[in-house]
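Me: Hi! Could you walk me through this structure while I have it open?
Reply: Happy to, let's take a look together.

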Amino acid sequence: MKHRVERKIGQETLSLETGLLAKQAAGSVLVAYGETTVLVAAATGAPRAGIDFFPLTCDYRERTAAAGKFPGGFLKREGRPTMKETLTSRLIDRPIRPLFPEGFHDEVQVQAQTLSSDRQNDADVLAMIGASAALSVSPLPFEGPLGSVRLGQVDGQFVPFPTQDQLEESDLDLVVSGSKTAILMIEGFAREMPEDRMLEALEEAHRIIVTICEMQDELVAKAGKPKKQYELPDYGPLRERLTTAYYADLKAAKAVPGKLERADAVKAVKDRAKAEVLTVEPAAVDAVSEADFSHVWHALEEQAVRELILAGTRPDGRDAKSLRPIECAVDILPRVHGSALFQRGETQALVTITLGTGKDEQRVDGLIDEYSKKFMLDYYFPSFSVGEVRPIRGPGRREIGHGALAERSVKPVLPDPDEFPYTIRVISDILESNGSSSMASVCGATLGLMAAGVPITNPVAGISVGLVKQSEDEWTLLTDIIGDEDHYGDMDFKISGSQNGITGIQLDLKINGISPAIIKATLAQSREARLEILRNMLSAIRRPREEPSAWAPRLIRTHINPEKIGPLVPLLNWCRAKTASATSANFPPSMLAMSAMSAGLAT
């Protein structure tokens, strides 16, 4: 039986429907807004033996047929996921992952596919809503529902679910997910928006989220399935045994300064505990499996780090608001068009800038109309940056996501193409990592762009703020988190911007939401840190260079008198014919402009 709920939100009606499509899935929902529709299905399977993590997979796919288009290129069938699909898959995953109970290790897969697109209303946020709704009506122990919304700002007014045309004029592109009581995920970009206005935007987004959650509650009341019951293993005796014998040494090891030294100290305690605890015969009554040991030991490491932080001692000895030492340098590499090094503590980003012509623009095709990108930021995270060994593959979801975050954080301060017509590519190579390498990429990109002579309107810096929360009234914010604080803490809140305001904001949580008070305090604390980072950056280079590098291409513009365009047409045709047969060596790019000027056609 088909069940449907709907609400008017913004300019269109948002509807959720279940019971007609994909009935063999654990849960499926058809989400529609305007004439854009997305089908989301959730499925589950038995847990894999021996795993100690939650195997959640989220995938989003766009079929170009949804917009009445054929795929571009030679092959007329969609292949590997595009960047848009990868980023949307991450948007779906990030808010729902914390809402599965600890210890639930069943396989769960959420698949979303766009069935129709009006090319104005984006399907990504609809897929996020559909994922929560499908899990809510399924038997899975999902502690939802979650609402998601995109918010724009046009002419000073907030616009829910803005169209593509409205986003072109908007000062804000903000995606927020949350429950009826708290916010769980933020992904947003703005044109240097002040912190107090960003806070108002988040409050407005949460007001709409409550309505979307109520819609899902109504759908569950009509079509929800009984929730699956499961039992968690009893780790009490093993945890007590490890705590008694090794916890004091583990806590001391977690306070050792230096990432590698701290890791070695923790490993020494773990190896000793493992050798002594796992010596029991496998068939014995009190035998301990390696999987059980790993699970409990991880919990003890988390407890040790959190206790140290709440007591006022961070793993590397800093206080809650201090930054790690910062080093900045430009012109690190010869021949390239611009380069910079940004180091904060044990996180190091080497940035390279390349300037190109209009032919170097990236063409992007999808459900909306094809467009060209004149600015690209690519993020690379080699395994040696964290002292590991792994095969070199193509960019993963994390690299694509971090690169997109840094790219859109820097983009608002780039010059207008009419003022600076170059195509710009930024490469951020993370050579060393211990927390917040994406924000190091933002800082390094700013330095590199100024060194390359790109006239940015304002320097931009980024910082990550963490959280250890004991209760609603007892919590600690941590400026410039390191790896342990990210892994064992409750929050990774990245905020980038200039001295004028925020350009990029991203929130990921491991808990089921944070209050407005925590968000407000985080925005204030991050601004203090951002201004301090900017002061350090400007000590390396005060302002953009007057001219691009000598190795960059030279773009020459000629303004033609409109009355003399007619006589110029034969010359243009002649130049095109010559460029088709001549090499760059005997036909330089500036020849067209020189020919025009020599003919007396330039004003």
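Me: How do the residues of the lining of the second largest cavity divide into nonpolar, polar and charged?
Reply: That lining has 5 nonpolar, 3 polar and 1 charged. Do keep in mind that this is a predicted model.

Me: Thanks! Which residues line that second largest cavity?
Reply: The residues lining the second largest cavity are Glu-17, Thr-18, Gly-19, Leu-20, Leu-21, Ser-28, Val-29, Leu-30 and Leu-39.

Me: And which strand gives the most to the lining there?
Reply: Strand 3 does, with 3 residues. Strand 2 (12-18) and strand 3 (27-33) each supply at least two residues of this lining.

Me: What volume does the second largest cavity have, and how many cavities does the search find?
Reply: Its volume is about 40 Å³. Searching the whole structure gives 2 cavities of 30 Å³ or more.

Me: Then how much space lies in the largest cavity?
Reply: The largest cavity holds about 70 Å³ of space. Around the largest cavity are Tyr-33, Asn-121, Asp-122, Val-125, Leu-126, Arg-150, Phe-161 and Pro-162. By class, this lining has 5 nonpolar, 1 polar and 2 charged residues.

Me: Switching to charges: how many salt bridges are there?
Reply: The count comes to 46 salt bridges.

Me: Let's pick on Lys-254. Which residues does Lys-254 form a salt bridge with?
Reply: One partner of Lys-254 is Glu-301, with the closest N and O atoms 2.9 Å apart. Lys-254 lies in the loop between helix 5 (236-253) and helix 6 (259-277), while Glu-301 lies in helix 7 (residues 290-310), so this pair ties together parts that are 47 residues apart in sequence. Lys-254 also meets Asp-484 in a salt bridge, at 3.3 Å from N to O.

Me: Are Lys-254 and Glu-301 buried or exposed?
Reply: Lys-254 counts as buried because its relative accessibility is 3%. Glu-301 is buried as well, at 9%.

Me: What about Asp-484, buried or exposed?
Reply: Asp-484 counts as buried, at 18% relative accessibility. The cut-off for buried is under 20%.

Me: OK, now Glu-200. What does Glu-200 form a salt bridge with?
Reply: Arg-197, and the closest N and O atoms of the pair are 2.6 Å apart. They are 3 residues apart in helix 4 (residues 195-223), so about one helical turn separates them. Glu-200 is partly exposed at 38% relative accessibility, and Arg-197 is partly exposed at 22%.

Me: Nice. Which residues are linked in a network of salt bridges?
Reply: Asp-316, Arg-318, Arg-324, Arg-344 and Asp-480 are linked that way.

Definitions and conventions. Residues are numbered from 1 along each chain as its sequence is written. This is a predicted model: local features need pLDDT of at least 70, side-chain atom pairs count only at pLDDT 80 or more; totals for chains, interfaces and linings use all residues. Side-chain values use heavy atoms; hydrogens and water are left out. A salt bridge is a side-chain nitrogen of Lys or Arg within 4 Å of a carboxyl oxygen of Asp or Glu. Helices (H or I, at least four residues) and strands (E, at least two) are DSSP runs, numbered from the N terminus. Buried means under 20% relative accessible area, exposed over 50%, partly exposed in between (1.4 Å probe, protein chains only). On a 1 Å grid over the protein atoms alone, a cavity is a set of points where a 1.4 Å probe fits but cannot get out, and a pocket is an open set with protein on both sides within 12 Å along at least five of seven lines; lining residues have an atom within 4 Å of a point. Grid points are joined across faces, edges and corners, and a volume is the space filled by probe spheres set on the points. Ala, Val, Leu, Ile, Met, Phe, Trp, Tyr, Cys and Pro count as nonpolar, Asp, Glu, Lys and Arg as charged, and the others, Gly among them, as polar.
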